[in-house]
Structure formats: C-alpha cells, structure tokens
Amino acid sequence: MVGTSPDLGSPSSLTAQLGGRPLRPTSPTPALLRGACYRRGKLYIRLGKKAQARTDLGAVIADDPTYLGAREVLESITQ
C-alpha cells in the first residue's frame, strides 16, 4: 500500500529497527557516577551539609584518587 508506515508500536519492531538491540536502560559508567557524586558533594557544601559532602567527595577520591579538584574541595571543608 502507498503511504503506509511500519509498525512502530510493537517492541519487536522497535528492536528490529535498532539492529536487534533490546530496548532497556544501560547502567551508568563509573566515570558518570564519580561525576555525579562530585557535583552532589559540591552542592551539599553550598547547602551547609558538610557530612554528606565529605561522604560523597570521599567516595570519589576512594574510587579515583586523581579526580580533578575532589581532594582540594574535601580539604577545604575539613579545615
């Protein structure tokens, strides 16, 4: 038929259109999680929640001791 479009509603047709990859969320990468913890730690500092900030920034440093700026930010709130 002229003017018909493929079935986009069924999961199997969507999976086929994506090259056989299933439609499901992927797990966040460790780098993404470190960045989120770093940003949340800085937010906790602005909110005056130093204990939570120390927890998040400490987790970032434990996972990646060279994470840019994390150690300095943590040291600034522990002094």
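This report looks at how helix α4 packs against two other helices, α2 and α3, in a predicted model.

## α2 against α4

Let's start with helix α2, which spans residues 30–46, and helix α4, which covers residues 70–78. Their axes come within 11 Å and cross at roughly 25°. Angles under 35 degrees count as roughly parallel, so α2 runs roughly parallel to α4. As for handedness, α2 goes past α4 in a left-handed crossing.

Who does the touching? On the α2 side it's Y38, K42 and I45, and on the α4 side A70, V73 and I77. Sorted by class, that contact comes out as five nonpolar residues, one charged and no polar.

## α3 against α4

Now for helix α3, residues 50–63. Its axis and that of α4 come within 9 Å, with a crossing angle of roughly 150°. Angles over 145 degrees count as roughly antiparallel, which means α3 is roughly antiparallel to α4. This crossing, too, is left-handed.

From α3, the contact draws on K50, A53, R54, L57, G58, V60 and I61. Facing them from α4 are A70, R71, V73, L74, I77 and T78.

## Where α4 meets both

A70, V73 and I77 of α4 turn up in the contact with α2, and these residues are also listed in the contact with α3. R71, L74 and T78 of α4 are among the residues that contact α3.

Technical notes:
Residues are numbered from 1 along each chain as its sequence is written. This is a predicted model: local features need pLDDT of at least 70, side-chain atom pairs count only at pLDDT 80 or more; totals for chains, interfaces and linings use all residues. Side-chain values use heavy atoms; hydrogens and water are left out. Axes are lines fitted to C-alpha atoms, for helices over the stretch in contact, and angles run from 0 to 180 degrees between N-to-C directions. Helices (H or I, at least four residues) and strands (E, at least two) are DSSP runs, numbered from the N terminus. Angles under 35 degrees count as roughly parallel, over 145 as roughly antiparallel, 65 to 115 as roughly perpendicular and the rest as oblique. A crossing is left-handed if the near helix is turned anticlockwise from the far one by less than a right angle, and right-handed if clockwise. Contact means heavy atoms within 4.5 Å. Ala, Val, Leu, Ile, Met, Phe, Trp, Tyr, Cys and Pro count as nonpolar, Asp, Glu, Lys and Arg as charged, and the others, Gly among them, as polar.
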